[in-house]
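Work through these exercises with the model open. Each task is followed by a stepwise solution.

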Amino acid sequence: LNAIQMRETTEENQQTNKRVFQDRQYQIDAAIVRIMKTRKQLNHNLLVSEIYTQLKFPFKPADLKKRIESLIEREYLARDKDNAQVYIYLP
């Protein structure tokens, strides 16, 4: 593995990291939708803790927030009208 990494240029390394990040975004989206589909309605903190238990790779909370916002924009999720910390799954 180290021999391969040494042959990889900086530009190739950046491209690889970008592709891995994109693949992980899809995995995060899928995990959020799976969790919300079963729970229907969930508090932000509970959702985040469930995502951490399901996903086996490290991710930043800011990335997670972007993915949740993206799912809200694409109408997979909605925020509760009374409590902004609660997400609702939209079938």
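**Exercise 1.** Which residue is the bridge partner of Ala78 in β3?

*Solution.* The model is predicted: local features need pLDDT of at least 70, side-chain atom pairs count only at pLDDT 80 or more, and totals for chains, interfaces and linings use all residues. Residues are numbered from 1 along each chain as its sequence is written, and side-chain values use heavy atoms, with hydrogens and water left out.

Start with the strands, which are DSSP runs of E, at least two residues, numbered from the N terminus. Strand β2 covers residues 77-79 and runs antiparallel to β3, joined by 3 bridges. Strands pair if DSSP finds at least two bridges between them. Ala78 is bridged to Ile88. A hairpin is formed by β2 and β3, with 6 residues between them.

**Exercise 2.** Which residue in β3 stands opposite Leu42?

*Solution.* Take β1 (residues 41-43) and β3 (residues 86-89): they pair in the antiparallel sense over 3 bridges. Tyr87 of β3 stands opposite Leu42.

**Exercise 3.** At what angle do α2 and α3 pack?

*Solution.* Helices are DSSP runs of H or I, at least four residues. Locate α2 at residues 10-39 and α3 at residues 44-54. Their angle is about 125°, and their axes lie 10 Å apart. Axes are fitted to C-alpha atoms over the stretch in contact; angles run from 0 to 180 degrees between N-to-C directions.

Now list the contact (heavy atoms within 4.5 Å). From α2 come Ala31, Ile32, Arg34, Ile35, Met36 and Arg39; from α3 come Leu47, Glu50, Ile51 and Gln54.
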